[in-house]
Amino acid sequence: IRIILETLIHIIPDVWNILLLLFLVYSMFATLFVQVFGITKFGKRLGETANFETFSSSMFTIYQMVTGDEWSSIMSDASVQWPECTERFDSTYIYNYTGRQYSFGDCGSPFARYLFMIFKLVCESIL
């Protein structure tokens, strides 16, 4: 038992380095996903419990995806395209729209599948 405890004490710095690397990679992807999918329309899985609206909710969603919690459904929801979503919030795209004219909509990205695959490969290779 003494040998096991001594070994655990000696590997603590290495474990902190691995945890720091994981946090750094998760933070990079969380920031990217907030920028790309922050206003994406909610779908089957992308919703109140899994979304990319803020950095903290994005980190939580990334943790869910790394553990395998329906990440493919989140990927499908993040790649939603017209006509299931609104391309732009302005009067040229929405008939009788009287709100503010925006240059963005709530569609996902056509590159979502590639981003999610890269995310899964990078995160699982670190683990």
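**Figure 1. Contact between helices H1 and H4 in the predicted model.** In H1, the residues Leu21, Leu22, Val25, Tyr26, Phe29, Leu32, Phe33, Val36 and Phe37 meet Ala112, Leu115, Phe116, Ile118, Phe119, Val122, Cys123 and Ile126 of H4. Sorted by class, this contact of H1 with H4 comprises 17 nonpolar residues, with no polar and no charged residues. The structure shown is a predicted model rather than an experimental one. Helix H1 covers residues 2–37 and helix H4 covers residues 112–126, and the two pack at an angle of about 170 degrees with their axes 11 Å apart. Because angles over 145 degrees count as roughly antiparallel, H1 and H4 are roughly antiparallel to each other.

**Figure 2. The largest nonpolar core and the surroundings of Phe52.** The largest nonpolar core holds 21 residues, and those with the most contacts inside it are Phe33, Phe52, Ile62, Phe116 and Phe119. The elements that contribute two or more residues to this core are H1, H2, H3 and H4, and H1 gives the most, with seven residues. Once its neighbours within four places in sequence are set aside, Phe52 is in contact with Phe33, Val34, Phe37, Gly38, Leu46, Ser57, Ser58, Thr61, Met65, Ile74 and Phe116.

Figure 3. H2 is followed by Gly68, whose phi is positive, near 90 degrees.

Figure 4. Ser58 lies in helix H2, which runs over residues 55–66. With a relative accessible area of 0%, Ser58 counts as buried, because that term applies to values under 20%. Not counting residues up to four places away in sequence, Ser58 touches Ala30, Phe33, Val34, Asn51 and Phe52.

**Figure 5. Backbone geometry in the loops.** Most residues other than glycine have a negative phi, and most peptide bonds are trans. In the loop between H2 and H3 lies Glu70, a residue other than glycine whose phi is positive, near 55 degrees; at 43% relative accessibility, Glu70 counts as partly exposed. Asn96, found in the loop between H3 and H4, likewise is not a glycine and has a positive phi of about 65 degrees, but at 63% relative accessibility Asn96 counts as exposed. Pro83 also lies in the loop between H3 and H4, and the peptide bond from Trp82 to Pro83 is cis, with omega near 20 degrees.

**Figure 6. Leu20 on helix H1 and its separation from Thr98.** Leu20 lies in helix H1 and is exposed, its relative accessible area being 57%. Along the chain, Leu20 and Thr98 are 78 residues apart, and in the predicted model their C-alpha atoms are separated by 48 Å.

Terms used. Residues numbered from 1 in each chain as written. Predicted model: local features only at pLDDT ≥ 70, side-chain atom pairs only at ≥ 80, totals over all residues. Heavy atoms only, no water. Helix = DSSP H or I, 4+ residues; strand = E, 2+ residues; numbered from the N terminus. Buried < 20%, exposed > 50% of the residue type's maximum accessible area, 1.4 Å probe, protein only. Contact = heavy atoms within 4.5 Å. Axes fitted to C-alpha atoms, helices over the stretch in contact; angles between N-to-C directions. Parallel < 35°, antiparallel > 145°, perpendicular 65-115°, else oblique. Nonpolar A, V, L, I, M, F, W, Y, C, P; charged D, E, K, R; others polar. Core = buried A, V, L, I, M, F, W, Y, C linked by side-chain atoms within 4.5 Å.
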